[in-house]
Amino acid sequence: MRQIIFTIIINGLFVVNTFAQWSQAINGMGNQAIGALLADGDTLYATSTFDAFKSTNQGDNWFTINNGLPAVVNFNTITKSGQFLVTGGEGIWLSSNNGASWFRTTSGVDSNEYVFSLFADGNTVYAGFSDPSAVGISTNNGNTWTKSTNGIASSQFITGVTKLGSSLFATHMALGVYESTDNGASWTLHSGAISAQDKNAIVTSGSNLCVATTNGVWTSTDNGVTWVHTLTTGFLTGFNRHGNYLYVIGSLPPYRSSDNGITWAAVDDNGLITSVNNTIQFTSDYALINTFGIGVYRRSLSQITSVIGNDQGNTVENFKLEQNYP
């Protein structure tokens with residue numbers, strides 16, 4: 001891995017200052033493709049193709065938590081609602097004892113139904129399903145589900161769900177962003193320019209909506225009616241907030257925004273390899289990124305405040321809402 005070392009002579013003494021970088025935190029899991037990562041305080045949960053893992057020391061080491069899980073896991077999303085861990089891939093699985101054992105819920109969900117995303121809002125959990133596209137709603141921490149499809153095109157994936165005020169928003173990979181003002185009873189599509197690329201994730205930041213796509217980030221300040229291309233580069237897959245910043249992750253480098261997705265700056269990616277990075281999570285001391293094929297990377301929180309050369313070149317200079325096409 002790369003290191004930048006400065007040597008300074010002070011009163012005849014050599015002082016060596018080594019700037020740290022992102023480094024692997026894979027002790028106990030190895031170089032696996034990690035499809036999902038969740039930080040619950042300083043406890044971490046991760047899933048790969050064949051295993052689920054837990055770390056109780058911010059990623060210093062990991063141990064498997066496979067009791068009750070199938071031989072092939074393939075979970076690509078995980079959240080926590082109340083006392084339940086909820087994870088999804090081929091079906092939805094839950095744990096009520098912090099991963100010590102797992103069980104599959106089939107109440108309202110087919111056992112082989114593919115789950116692309118999960119979003120917890122208190123005791124309510126929302127899921128994005130694929131083929132046919134649907135939003136799943138559970139009001140009891142993921143134990144039982146109802147499907148919400150009225151107005152949603154049946155093809156492709158629902159890749160993300162979030163809530164802003166009293167409205168639900170869901171990203172359809174191909175078509176755009178759906179809004180429901182009646183808790184999923186019906187949906188209205190907001191498309192326009194945002195429909196030109198795949199939509200991979202959605203998040204609420206302040207009063208704004210942000211969508212991660214295969215071509216950067218699109219931001220809406222008017223509940224999804226109009227969208228602006230605020231970050232015009234990157235194959236992006238997930239968001240998370242920490243402190244005053246919103247982070248987006250995917251292809252390198254990561255980016256952050258201090259104004260709810262209006263402008264973006266690249267985060268120092270020294271030590272990360274050029275791969276698909278899925279999500280970013282935060283503990284008390286670290287930022288952690290899960291990747292395809294190389295496990296989990298982490299870096300001290302104090303070191304990700306820097307941006308690459310203070311480069312603001314990937315931010316928008318002007319923010320203006322235009323009417324949707326056509």
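Here is a short chat about the predicted model shown above.

Trainee: What should I know about the model before I start?
Mentor: It's predicted, so to speak of local features we need pLDDT of at least 70, side-chain atom pairs count only at pLDDT 80 or more, and totals for chains, interfaces and linings use all residues. Residues are numbered from 1 along each chain as its sequence is written, and side-chain values use heavy atoms, with hydrogens and water left out.

Trainee: OK, how many helices and strands are in the chain?
Mentor: Zero helices and 30 strands. Both are DSSP runs numbered from the N terminus: helices are H or I with at least four residues, strands are E with at least two.

Trainee: And how much of the chain is buried?
Mentor: Buried residues are 52% of the 326. Buried is under 20% relative accessible area, exposed is over 50%, and partly exposed is in between (1.4 Å probe, protein chains only).

Trainee: Switching topic, which residues does the cis peptide bond join?
Mentor: Leu-252 and Pro-253, with omega at about -5°. Pro-253 sits in the loop between strand 25 (245-250) and strand 26 (255-257).

Trainee: What's up with phi at Asn-74?
Mentor: Phi is positive there, about 55°, although Asn-74 is not a glycine. You'll find Asn-74 in the loop between strand 7 (63-64) and strand 8 (77-81).

Trainee: Is Asn-74 buried or partly exposed?
Mentor: Partly exposed, with a relative accessible area of 40%.

Trainee: And where is Asn-223?
Mentor: In the loop between strand 22 (216-220) and strand 23 (228-231). Asn-223 has a positive phi of about 60° without being a glycine, and Asn-223 is partly exposed at 38% relative accessible area.
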